[in-house]
Amino acid sequence: MAAGLKTIIALSFVLAIGFLLVILSSALFHSYLTLLVVATYIIAPLPNWICGRCANPDDFMESAGSAVVDFGRFCTGFLVVMGVALPAFLAHCGLIAVPAMAMSIIGGLLIYGTIISFTMFFQEEQDF
């Protein structure tokens, strides 16, 4: 599936809305702790990418249960869950307001979803 210009524009628009929600959750409620969500969602795909490169995909025979790939998926899952749990924890402690928590979680999920969509649309297909 070839990604076109419309796909790039739509994903960029969704990414901008995600960043806007997270920044507004910080600025409107005067607590900049919700910006930590942006860092977790930007760092989240990195373990998957690094461990996927370390697994040596150039082998002729791939094993079904590579520990390195599983570790990368675990770290990515941990960071995604932390991106949702961190605003909930901060709201529970009273450090941020509940609407700021909701805006931060929705914005963070939009950011991470856009990053994953970019990688899916622009992934090179290997023909062997």
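Predicted model: local features only at pLDDT ≥ 70, side-chain atom pairs only at ≥ 80, totals over all residues.
**A walk through a helical chain**

Ala27 lies in helix H1, which covers residues 5–27. Along the chain, Ala27 and Ala100 are 73 residues apart, yet their C-alpha atoms are separated by 9.4 Å.

Before following that link, consider the whole chain. The protein chain has 5 helices and 0 strands. Its pattern, read along the sequence, is α-α-α-α-α. Of the 128 residues in the chain, 28% are buried. The accessible surface of the chain amounts to about 8500 Å², and carbon and sulfur atoms account for 73% of this surface. Contacts within the chain can also be sorted by separation in sequence.

Now return to helix H1 and turn to helix H5, which covers residues 98–121. How do the two helices run relative to each other, roughly parallel or roughly antiparallel? The axes of H1 and H5 come within 7 Å and cross at roughly 155 degrees. Angles over 145 degrees count as roughly antiparallel, and H1 and H5 are therefore roughly antiparallel to each other. Their crossing is left-handed. In the contact of H1 with H5, 16 residues are nonpolar, 9 are polar and none is charged.

Is Thr114 buried or exposed? The relative accessible area of Thr114 is 2%, so this residue is buried; the cut-off for a buried residue is under 20%. Leaving aside residues up to four places away in sequence, Thr114 touches Leu11, Val14 and Leu15.

The last stop is the loop between H1 and helix H2, the latter covering residues 36–43. His30 is found in this loop. The phi angle of His30 is near 55 degrees, which is a positive value in a residue other than glycine. His30 has a relative accessibility of 67% and therefore counts as exposed, since the cut-off for exposed is over 50%.

Note on methods: Residues numbered from 1 in each chain as written. Heavy atoms only, no water. Helix = DSSP H or I, 4+ residues; strand = E, 2+ residues; numbered from the N terminus. Buried < 20%, exposed > 50% of the residue type's maximum accessible area, 1.4 Å probe, protein only. Areas by Shrake-Rupley, 256 points an atom, 1.4 Å probe, with all protein chains shown as cover. Axes fitted to C-alpha atoms, helices over the stretch in contact; angles between N-to-C directions. Parallel < 35°, antiparallel > 145°, perpendicular 65-115°, else oblique. Left-handed = near helix turned anticlockwise from the far one by under 90°. Nonpolar A, V, L, I, M, F, W, Y, C, P; charged D, E, K, R; others polar. Contact = heavy atoms within 4.5 Å.
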